[in-house]
Amino acid sequence: MSFSRRLFIASTSGAAAGIALPFHVFAQGAPIKLGSVLDNSGNLDAYGKPMVLATTMAAEEINAAGGLLGRKIQVVQYDTQSDIALYTKYAQQLARDDKVDVVHGGITSASREAIRQTFRRANILYFYNVLYEGGVCDRNCFVTGTTPAQAVEPIVEISQKQWGKKVYVLAADYNYGQITAKWVAHYVKQRGGSVLQTDFFPLDVADFGSTIAKIQAAAPDSVCAALVGGAHLSFFRQWAASGMNKKIPLYSTTFGVGNEHLALSPAEGDGILIAGNYSQEETTPANKDFLARWGKRFGDTKIVHEIAVSQYQGIKLWAEAVKKAGSLDRDKLMKVLESGIGVDGPAGLVKMDPATHHASLDIKVMEVKGQKLTIKQAFKQRPPSDTAASCNLAKNPNENKQFEVTI
Amino acid sequence: MDYAAVVFLEILYMIAFLALTSAGLAVVFGMMRVINLAHGEFVMIGGYVTIFANRAGIDIWFAMLVLAPLVVGAIGLVVERLVIRHLYGRMIDTMLATWGLSLLMVGLVTLIFGNTAVSVTAPIQSYQAGAYQMGGYNLFIIAIAILVMLVLWLILRYTRVGLIARGAMQSADVASALGYNPQKIYMWTFTAGAALSGLAGGVLAPLTGLLPSSGSLYIAKSFITVITGGAAIISGTLASSMIFGTINQIVSFGSTPVIGEIAMLALAIVLLRLMPQGITGRFFKNST
């Protein structure tokens with residue numbers, strides 16, 4: 001019998017492959033796919049870049065601790081380039097081609113609404129880990145960022161006590177800004193104050209000269225800024241350049257989330273008041289440890305901001321639920337997530353509220369000082385009461401809408 | 001009263017903004033009939049040069065007033081030699097070529113500096129105007145715009161270079177017959193236009209956050225300014241800057257900046273319908 005060299009190689013390599021393949025599958029299992037769509041470039045990349053790193057870090061930490069259900073996590077990440085059209089495209093891709101097991105992503109509220117229904121239809125659990133205007137009522141969607149009742153109400157309260165009752169509101173011109181401005185007006189009026197005027201700005205507006213003059217003409221006691229993105233950063237710069245930052249106090253629902261305090265000089269940013277879930281200045285061991293790990297993995301810890309931490313906490317919360325459920329099955333996971341489950345993150349306890357699928361969070365009121373967010377006051381575990389007022393998924397599990405405040 | 005002064009200053013600022021960002025385009029379009037769709041990117045690169053030169057420790061005034069026009073002028077020179085000179089008299093082809101160029105420049109800047117907003121603090125303090133606080137840097141922009149227009153006018157009107165340039169613009173053949181090389185004139189005109197765009201980008205950099213895609217913010221406004229202005233470089237640009245700047249700001253003060261922009265664009269459509277050759281096609285016909 002002739003046994004050529006070529007035949008020998010072909011047969012043995014085939015056999016080797018035959019042995020190797022099932023071994024690989026049994027030992028590790030196919031990885032669990034975690035989908036993510038975030039703006040890693042463009043106008044919104046100050047938000048997205050750290051979130052992408054946080055996603056990587058959370059997945060690596062879970063894998064280093066042995067993975068989930070004996071399987072590794074594989075992150076499937078798409079850069080949406082601050083382009084809303086790419087969100088729908090990549091969401092379809094995640095749902096149909098990649099067939100991911102869970103999605104953590106979306107930054108602006110416009111992007112969330114662009115992709116939420118896709119994942120609901122595809123029965124893929126969707127986590128939105130960003131502060132927003134509240135009210136999303138969808139059993140397939142879980143939110144770990146703050147809502148107006150959690151972060152806007154305390155800051156309105158404090159600013160009104162400190163500075164006075166007349167407010168001038170500037171907001172980004174899309175669903176986040178529109179609805180947040182309504183909530184600001186709601187909380188201001190509740191406390192006997194008044195909103196002198198509300199101006200909306202598309203995300204690419206970068207010239208605020210006429211607005212700053214109009215604010216001065218209206219002479220409010222304080223200015224509330226719900227501005228979003230790199231172009232809107234110009235407002236804070238022009239506000240300081242006109243010297244108004246020394247005259248009329250300013251508070252913001254978004255400042256710091258895109259590390260605006262690092263882009264502005266201390267003289268430009270000092271004194272701005274904000275409220276949110278996270279500050280790097282937090283002295284808890286959990287935060288110090290988190291920052292140390294981040295520094296070791298990526299180097300620069302300066303860029304860590306609230307929604308990067310939210311993304312990290314959202315993934316950890318999901319991982320905890322998978323462990324408890326012992327399965328990736330959507331219904332089983334949903335049951336665990338609706339059992340009052342919580343995780344301790346760098347920003348404190350994140351506890352999922354079963355009725356609204358929003359999280360109870362620790363809130364800090366902060367002041368910008370020397371390019372840092374110094375904590376002035378802390379509130380433990382504020383519930384998402386705005387959303388809870390109209391949304392009850394335990395009672396109406398098929399609800400699929402976003403409630404808004406009426407004023 | 002104070003408020004009226006503030007509104008007036010904001011109007012002046014918007015006129016200066018339009019005149020500055022359009023000057024480079026007006027020179028190139030007015031003298032060479034070349035529609036440069038990469039104009040916005042020239043402005044954007046001027047801004048990047050200023051910001052990154054400043055970060056590297058170079059004085060900001062030097063960076064914006066000298067370095068930005070020099071660097072962008074040099075880029076313009078290269079672009080003219082490599083691309084534009086092969087396409088004179090072919091308007092559609094130049095538009096396509098410069099559009100491609102603009103995409104290329106956005107890509108290159110993204111590669112080099114990253115797709116992240118960069119900015120620099122304005123080097124002039126604010127001042128008090130009656131009961132109002134105003135950004136002092138806006139006054140500087142107004143002054144620069146006046147200066148640029150004045151210098152441009154003096155050069156075109158009273159110098160030999162200006163005479164030759166205007167001659168070549170009216171009839172390239174006659175200028176050629178008199179011994180001036182139109183190719184060379186066009187080359188320096190394009191370079192000067194690019195340098196003006198770079199200067200605009202440099203001095204405007206401290207007012208906004210800058211992205212590689214920021215060119216699109218400038219291009220639309222400068223185009224309607226130049227086209228509405230018509231063929232005369234200085235009087236055309238000034239006339240349309242004044243009309244658009246005033247409308248934009250008055251409507252902005254009355255409502256919001258968004259409606260201000262819409263009013264400006266709507267007015268441009270009306271003006272071009274009434275005067276297809278631009279303002280200087282109808283009035284001030286013999287001006288520069």
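Chain B puts 29 residues into its contact with chain A, and chain A puts in 34. Contact here means that the C-beta atoms of two residues, placed from the backbone, lie within 7 Å. On the chain B side, α1 (2-32), β2 (132-134), α5 (136-158), α10 (233-254) and α11 (257-274) of chain B each give two or more residues. Helices (H or I, at least four residues) and strands (E, at least two) are DSSP runs, numbered from the N terminus. The largest share, 5 residues, comes from α1(B).

The model is predicted: local features need pLDDT of at least 70, side-chain atom pairs count only at pLDDT 80 or more, and totals for chains, interfaces and linings use all residues. Residues are numbered from 1 along each chain as its sequence is written, while chains are lettered from A and ligands numbered from 1 in the order in which they are written.

Chain A is assigned two domains: domain 1 (32-147 + 281-362 + 381-402) and domain 2 (149-276). The bounds come from an automatic or database domain assignment. Taken over C-alpha atoms, the centres of domain 1 and domain 2 of chain A are 27 Å apart. Their contact takes 24 residues from domain 1 of chain A and 20 residues from domain 2 of chain A. On the domain 1 side, α2 (45-64), α4 (109-121), α12 (306-325) and α14 (385-388) of chain A each supply at least two residues. There α4(A) gives the most, with 3 residues.

Ala, Val, Leu, Ile, Met, Phe, Trp, Tyr, Cys and Pro count as nonpolar, Asp, Glu, Lys and Arg as charged, and the others, Gly among them, as polar.

| Chain B, touching chain A | 15 residues | 13 residues | 1 residue |

β12 (residues 342-345) and β13 (residues 348-352) of chain A pair antiparallel over 4 bridges. Strands pair if DSSP finds at least two bridges between them. Gly345(A) has Gly348(A) as its bridge partner in β13(A).

In chain B, helix α4 (residues 91-113) has 23 residues, which should span 33 Å at 1.5 Å a residue; its end C-alpha atoms are 32 Å apart, which agrees. The expected span is 1.5 Å times one less than the number of residues. The buried residues of α4(B) pack against α2 (39-55), α3 (60-82) and α9 (215-229) of chain B. After α4(B) comes Gly114(B), with a positive phi near 85°.
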